[in-house]
Amino acid sequence: MALSTPVLGVVMLIYLMVIFYLGWIGYKKTERSDDYMVAGRKINPYILALSYGATFISTSAIIGFGGAAGALGMGLLWLAVMNIIVGIFIAFVVFGSRTRRMGAKLGAVTFPELLGRRFQSRFIQGFSGALIGIFMPLYAGIVLIGGARFVETALSIDYDVAVLLLTVIVAAYVITGGLIAVMYTDALQGALMFVGMAFLLAFTYAKLGGVKAAHSALTAMDTLVPESLAGGGHLGWTSMPAFGSPIWWTLISTLVLGVGIGVLAQPQLAVRYMTVKDDRALNRAVLVGGPFILMMTGVAFTVGALSNVYFFNKLGVISVVAAKGNTDLIMPQYINSAMPELFVILFMLVLLAAAMSTLSSQFHTMGTAIGHDFYRQYIKKGELGQTINITRAGIACTILASVIFAYVLPISIIARATAIFFGLCAAAFLPMYTGTLFWKRMTREGAIASMLVGTFTSLFWITFVHAKEATPLGISQALFGKATLLTGTWNVIDPILVATPLAFVAAIVVSLVTKPGPKEHLDKCYK
Amino acid sequence: MLGIDDPQIWIAYVLCFLSAIACIIYGALKWNDGAEDEEVV
């Protein structure tokens, strides 16, 4: 995307000025710890919905997953269905409302604090905080790379400078303005993303002769599936892969289930339910959130798959070939080559907005996890004092870690970081989080067991079994002389499908054999 | 349907729209439900 015009420069400048203005409003409105951590619990429902959606959808969701649809086809639309039904409807209506109520009753200001207070355990809060502080920089690292690569090509500046520039801009408004600044800027970025993706869909269908004609043309291309993909079970871009084939397992277990369910236990998203005053705001947010996600992942996956028709008509090759085998380049190449120049500029802004909105929430969540959950509540045992300053220091440290991760890690690992982080969160937190909200009988011991089983099974599976991570990591090879400990289908089954059920079993079994928590406390949580 | 032969795909395509519409209907019907002025801790 080498495009550096005065128009782009001016548009970027205006965009950054508005971002800083919103960051300044966040700073002015932040007076108490509650403001910094949960935006004072009085965020407007539209801002909540856009902020949640913009945080959920990063550049990698549009470029990376859109490119994956270019290679694997429209089967990815099942992930879009999951994103809307699980990621918005179930998240807000089933989880959101209870999280908000319990969070307010227990005075929790972060996701780990909600879990820790429900089970009266500083260990749960400290361990969750540490887990987020250690592994979220991985996820932030790839979002940072995506954003910096954009700044590098759009403004023709050095990549290293781009990383620093992006980090400093986002860090400035997150550290000073807290969650209010994060959510206000998210809302603006979300609105930009919505407009950009709507144009992208309309242009694509118009270019390919309409909805039905475009799909029919893609269906007719099923004979062009390359040998390497066909061998893995690829049956065409408008067909599901062959049942039980390696591509089917990747699509269903890692993408549809891993990312689709993993979203429920994302700390940076769950904390948002606690930013609104009442359930009415959550209900209203559903109205905005559903169509928003449809326009994000639904459009990215459809356009990604349809890019095959465009490239075939124009160059006589499929998208993967046009992008020289790198699926991450499918969407940028398609947009650059098929869309009018003005739209290319708009879309660059969309990608920058998508990266910045996800990054800002990651920085805030990592900082509060280290500063508030791990340091203040676990190490200092809740001692009052310089909470906001410690959190700010935590944000600075984890940002530094993200930047270092972005430089140090091999590209093959970084590309998998979103799925790794989503899966790890689902295994470590989902059973405990579900129990926190819906199962009075769940005990502190049950929660700890589920968190530890989920975390360590997931890490074990990533290191020793799931080939996509285990092979490049090389730990299994170094210790046991083979790339993975198990073989066959096991190697393509995502950690989430193994670790999360085990964590649920641990939660149930251990809870049933241990003594329930004090009645008084449970009444306070659930009344 | 819609130029897509495999029902597993067009069902997903249609479900994307239906689920987004369901979110709109839910939000509109519950527009004023759940308002409370509870004391924030």
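Predicted model: local features only at pLDDT ≥ 70, side-chain atom pairs only at ≥ 80, totals over all residues.
1. In helix α6 of chain A, A:Glu113 and A:Arg117 sit four residues apart, about one turn of the helix. Side chains of opposite charge can pair when their charged atoms come close.

2. Helix α6 of chain A covers residues 111–118 and packs against helix α19 of chain A, which covers residues 417–438. The angle between them is about 60°, and their axes are 10 Å apart. The pair α6(A) and α19(A) is therefore oblique. The crossing of α6(A) and α19(A) is left-handed.

3. On the α6(A) side, this contact is made by A:Phe111, A:Leu114, A:Leu115 and A:Arg118. On the α19(A) side, the residues are A:Phe429, A:Met432, A:Tyr433, A:Gly435 and A:Thr436. Sorted by kind, the residues of the contact of α6(A) with α19(A) are six nonpolar, two polar and one charged.

4. Helix α13(A) brings A:Ala300, A:Val303, A:Gly304, A:Ser307, A:Tyr310, A:Phe311 and A:Lys314 to its contact with α15(A). From α15(A) come A:Ile330, A:Met331, A:Gln333, A:Tyr334, A:Ser337 and A:Ala338. The residues of the contact of α13(A) with α15(A) comprise eight nonpolar, four polar and one charged.

5. Next, the two chains together. The contact involves 39 residues from chain A and 31 residues from chain B. Between them, chain A and chain B bury about 3100 Å², and 68% of this lies on carbon and sulfur atoms.

6. How many salt bridges are found across the interface of chain B and chain A? The count across the interface of chain B and chain A is zero salt bridges. Over all chains, the count comes to six salt bridges.

Definitions and conventions:
Residues numbered from 1 in each chain as written. Chains lettered and ligands numbered in written order. Heavy atoms only, no water. Axes fitted to C-alpha atoms, helices over the stretch in contact; angles between N-to-C directions. Helix = DSSP H or I, 4+ residues; strand = E, 2+ residues; numbered from the N terminus. Parallel < 35°, antiparallel > 145°, perpendicular 65-115°, else oblique. Left-handed = near helix turned anticlockwise from the far one by under 90°. Contact = heavy atoms within 4.5 Å. Nonpolar A, V, L, I, M, F, W, Y, C, P; charged D, E, K, R; others polar. Buried area = accessible area lost by both parts, 1.4 Å probe. Salt bridge = Lys/Arg side-chain N within 4 Å of Asp/Glu carboxyl O.
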